[in-house]
Amino acid sequence: MSAPELVTGIIMLAAIAAAPLVPGLIQQHKARLQGRVGTTALQPYRDLRRLWRKAVVQPAGTSVVYVLVPAMCAAALLAALLITPVGPSAPPFGVGHDALVLVGVLALARCIVALSAWDTGSGFGLMSAARDLTFAVLGEALIALVLLLAALPVGSTDLRAMWLGAAGSHIWTAPAHWCGLVGMLLIVMMETGRQPIDNPDTHLELTMVHEGPLLEYAGRDLAYLQWSVAARHWIVLVLLAGLFLPHPAGALIGPAVVVVWVVVLTVVLALIETFRAKLRLLVVPQLTAVVSLIGFVGVVSWVIGLGR
Amino acid sequence: MIGLVALIGVAMLAAGALAPCARIPVAAALWCQGIGLALAGAAGAVVLAGHAAVGSAFRSGIHPGVGIDALTGFFLVVIAVAALPVLVYAAGYLPGTPREGAVVGLTGAFLLALVGVVCARDAVGFLCCWELMTILPATAVLIARPDAHVRRAIFEYLAITHLAGVGVWIAVLVMAERGVLGGASLTADGSLVVAGVGIAALVGFGAKAGLVPLHVWLPRTHPVAPSHLSALMSGVMIKVALYGLIRICFWWMTPAPVWMGITLLVVGAISALGGISGALVQRELKRLLAYSSIENVGIITAGLGASIVLTRAGNPTWASIAFAAALLHTLNHAVMKAGLFLSAGSIERATGEHLVDHLGGLLKRMPWTGAACGVAILAIAGVPPLNGFVSEWLILESLLHAGVSGGTGAVVSSLVLAVVAATVGLALVCFVKLGGLALLGQPRSDGARGATEVDRPMRIGVVALAVMCLVLGVVPGVVLAPLMRILPGGSEGAPHALGIWLPGTGGLPVIGLVVVLVGGTVLLVRARGPRTAPAPVWNCGQVDEPALAWTGAGFTSALRLSFRGIVRTERTLERDHDAGIVQEVRYTQAVPNLFDTRVYHPLQRVALELAHLARRLQSGSLPTYVAYLVGLLIVLLVVARLVGG
């Protein structure tokens with residue numbers, strides 16, 4: 001095993017433990033920006049420790065689905081995390097590095113969490129799950145177009161090849177890359193459940209999108225689900241940095257730059273959360289459609305040969 | 001040898017179809033059909049796995065001929081794999097229903113017609129089996145359920161498939177006349193003939209496959225059939241219709257023009273989107289499943305279109321992958337949809353309910369059927385590691401590579417990629433809703449509350465199909481390798497391992513994914529700890545009232561509001577007043593079918609008006625008719641004089 005492979009592999013495995021730092025950092029920055037003292041970036045770990053000591057619940061009338069969902073959701077996010085490479089020489093971990101497989105695994109997590117809402121029959125969980133899946137419909141179209149934009153220069157959906165295709169400065173002459181960047185920014189906000197799509201701070205029932213089905217869980221089940229949310233943050237931020245932000249092609253320096261980008265992006269997300277209000281529910285699909293159109297324009301610009 | 005096995009299989013199938021006439025018990029007849037079908041499927045599998053083609057080759061003359069090549073072999077496998085569990089299921093489902101013997105006989109004859117369509121090697125035999133394939137299930141449905149609304153549905157089915165079926169006759173007969181079936185090239189005849197044959201084939205085969213806008217018969221006919229026939233119609237028959245389209249586009253029209261590829265892409269995308277948005281708003285279980293068949297046929301068609309576009313863009317590797325992807329989705333959808341329709345039949349039998357909103361909690365009450373139905377639902381929702389995900393992944397990858405490869409079709413391909421991705425998202429909503437409403441939560445009606453597990457043959461049929469969903473999902477590479485060799489001139493860059501490794505992708509190592517997913521789930525469930533606190537559902541402190549339970553309409557309401565342009569919900573609110581006090585408020589909502597209100601109703605009106613005009617010619621008096629004849633005679637004489645002179 002070569003040195004870059006080893007380093008990239010260690011970063012990816014360390015991300016399993018470090019993922020909760022990402023939402024922790026965002027919360028910390030946000031508190032500072034809003035003039036509060038706030039918590040430290042380690043707060044998610046304290047939450048997880050507290051949840052780990054508590055008992056899980058078994059709501060009346062639920063089936064085996066309720067028991068399986070948090071574990072399966074965390075396992076799916078673990079697979080997704082291992083699929084997402086931070087550098088071009090990421091070891092395969094037996095799950096490959098395909099972009100569309102990643103989308104499928106994330107869809108699996110979304111699907112089973114929605115099924116858990118049906119299992120408990122809780123109205124708030126179902127309302128949130130329905131919204132989450134509704135956003136995901138046009139979200140899937142947008143993700144497909146954005147991944148196509150990232151795959152255009154290299155002709156492959158191998159995330160490591162796409163990572164290399166986006167490295168360096170020559171790619172920035174293509175308008176397609178800029179269109180992809182715009183699309184990816186929206187995907188980051190949708191997948192992480194951050195403002196202006198969703199507000200992760202409130203548990204106000206009528207506005208929830210991602211939090212709803214989590215309300216019925218407690219103890220370690222909830223810990224699994226919260227780790228999954230943190231892992232989702234890490235995955236989409238690494239994708240944004242690796243596929244659409246400037247980084248060098250070096251197999252050792254590249255992953256380091258990606259990690260730095262993730263830290264910088266926590267500040268960006270905190271800034272957006274501070275200055276943007278949450279969008280109205282029905283505006284989100286419209287926004288997704290418009291951004292998808294931008295992505296399509298990017299594809300057309302590439303096909304007619306602009307900037308390459 | 002292989003030909004002999006196939007012939008014995010077909011003979012047993014025919015014997016099984018005729019057996020009810022001789023008052024042989026239904027179960028024995030079904031067994032005979034099943035064994036025959038298994039033999040035919042085995043012969044097909046051997047040819048698919050690389051054996052040389054058996055029987056005669058295609059010929060343009062009128063001498064009958066039958067044969068099996070790799071494509072026919074694949075479709076025989078599809079028919080056998082989907083229909084065998086269906087026959088097992090029928091052994092538990094049919095006894096005790098009205099006219100069971102006739103239905104069993106017609107089921108066997110229908111299967112025979114399906115086998116005949118894919119094995120025929122001459123134009124007459126093909127068209128003969130093609131028409132039988134249309135008529136036999138209609139007859140079986142009418143015999144099993146002679147209600148007025150069933151007759152109406154069957155009439156629409158026959159009307160649309162026969163009117164559009166003219167396209168099949170035109171396409172096949174023109175090609176036979178030009179000797180294309182015998183090996184001549186159609187493209188030598190100029191682009192006008194190619195265009196005519198292509199469009200005729202698309203209309204004819206597309207109508208039978210349920211492609212939008214000729215799909216309206218499908219969601220009406222498939223639900224009224226007995227469940228084992230619904231499974232065969234949705235799982236197998238509409239795929240056999242695609243067989244004709246595949247033969248024409250990839251064998252006889254080669255190289256197919258790029259506009260054909262683009263047309264298939266667009267028609268496929270519209271069908272996929274139209275089908276799934278119809279499925280989203282259905283309340284009846286089987287009708288929802290029928291709409292989802294339209295979606296899947298659309299996805300398969302888009303894959304075929306991508307293959308043509310990729311061929312034309314000079315990417316033969318991905319052209320053969322796209323073709324194999326479309327075939328794999330054909331097989332996968334046959335398995336999942338047969339499983340879902342059979343589950344629907346079991347659920348209807350056990351609960352007496354056919355509305356999705358009246359089910360609920362069936363996973364606990366019907367553990368075998370419920371679990372199998374859940375697997376099929378997850379498979380068709382397209383989540384890994386089940387079979388639906390594999391083929392949808394391959395088709396999305398093909399569309400993406402068609403977008404990458406440049407050329408004329410790249411822009412269309414990328415648009416279709418986005419549409420198919422959105423379709424997959426919609427399918428997730430649709431089937432999460434179905435699974436949640438039917439299998440999970442609390443029962444929503446007395447029927448669902450009293451449901452018990454069905455008889456053993458019915459359980460075996462459904463579970464076998466669910467197991468196949470798992471197997472095809474976990475080792476797709478084994479199936480994909482022979483499929484990539486089917487296309488003439490197809491690439492040999494076949495995937496080797498159990499997973500799928502293709503150039504230009506990051507690979508789909510399903511085994512690795514399964515290890516992480518299942519292993520992770522098992523470990524984490526064990527680490528969850530034994531301490532569980534029984535509690536009521538929290539629901540933010542609200543009391544769990546059955547009247548407040550969520551319905552399917554509630555679950556899709558955000559989606560319907562977001563897509564107001566396509567899904568137009570109609571609401572009515574009625575208030576009963578008595579002395580100024582509101583006594584009762586009734587709220588109904590329904591989603592009308594846009595194709596009915598915008599396309600078919602105006603067409604129907606125009607047709608009726610024309611018929612009204614034509615009726616004026618029919619005065620009923622003899623002198624008028626004599627005048628018509630004399631007039632016609634004069635006109636003919638004048639024409640003959642002008643032309644002849």
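Modeller: Two strands count as paired if DSSP finds at least two bridges between them. Please note that this is a predicted model.

Biologist: In which sense do β1(A) and strand β3 of chain B pair?

Modeller: They pair in the parallel sense, over four bridges. Strand β3 covers residues 532–535 of chain B.

Biologist: What is the bridge partner of Val57(A) in β3(B)?

Modeller: That partner is Ala533(B).

Biologist: Turning to chain B, at what angle do the axes of α9 and α11 cross?

Modeller: The axes of α9 (residues 227–252) and α11 (residues 285–312) of chain B cross at roughly 20° and come within 11 Å. Angles under 35 degrees count as roughly parallel, so α9(B) is roughly parallel to α11(B).

Biologist: Is that crossing left-handed or right-handed?

Modeller: The crossing of α9(B) and α11(B) is right-handed. Among the residues making the contact are Ile238(B) and Leu242(B) of α9(B), and Val297(B) and Ile300(B) of α11(B). By class, this contact has 10 nonpolar, three polar and one charged residues.

Biologist: And how many residues of α19(B) are buried?

Modeller: Eight of the 11 residues in α19(B) are buried, including Val479(B), Leu480(B) and Met484(B). The buried residues of α19(B) pack against several helices of chain B, among them α2, α12 and α20.

Methods
Residues are numbered from 1 along each chain as its sequence is written. Chains are lettered from A and ligands numbered from 1 in the order in which they are written. This is a predicted model: local features need pLDDT of at least 70, side-chain atom pairs count only at pLDDT 80 or more; totals for chains, interfaces and linings use all residues. Axes are lines fitted to C-alpha atoms, for helices over the stretch in contact, and angles run from 0 to 180 degrees between N-to-C directions. Helices (H or I, at least four residues) and strands (E, at least two) are DSSP runs, numbered from the N terminus. Angles under 35 degrees count as roughly parallel, over 145 as roughly antiparallel, 65 to 115 as roughly perpendicular and the rest as oblique. A crossing is left-handed if the near helix is turned anticlockwise from the far one by less than a right angle, and right-handed if clockwise. Two residues are in contact if their C-beta atoms, placed from the backbone, lie within 7 Å. Ala, Val, Leu, Ile, Met, Phe, Trp, Tyr, Cys and Pro count as nonpolar, Asp, Glu, Lys and Arg as charged, and the others, Gly among them, as polar. A residue is buried if 20 or more other C-beta atoms lie within 10 Å of its own, exposed if 12 or fewer, and partly exposed in between; C-beta atoms are placed from the backbone.
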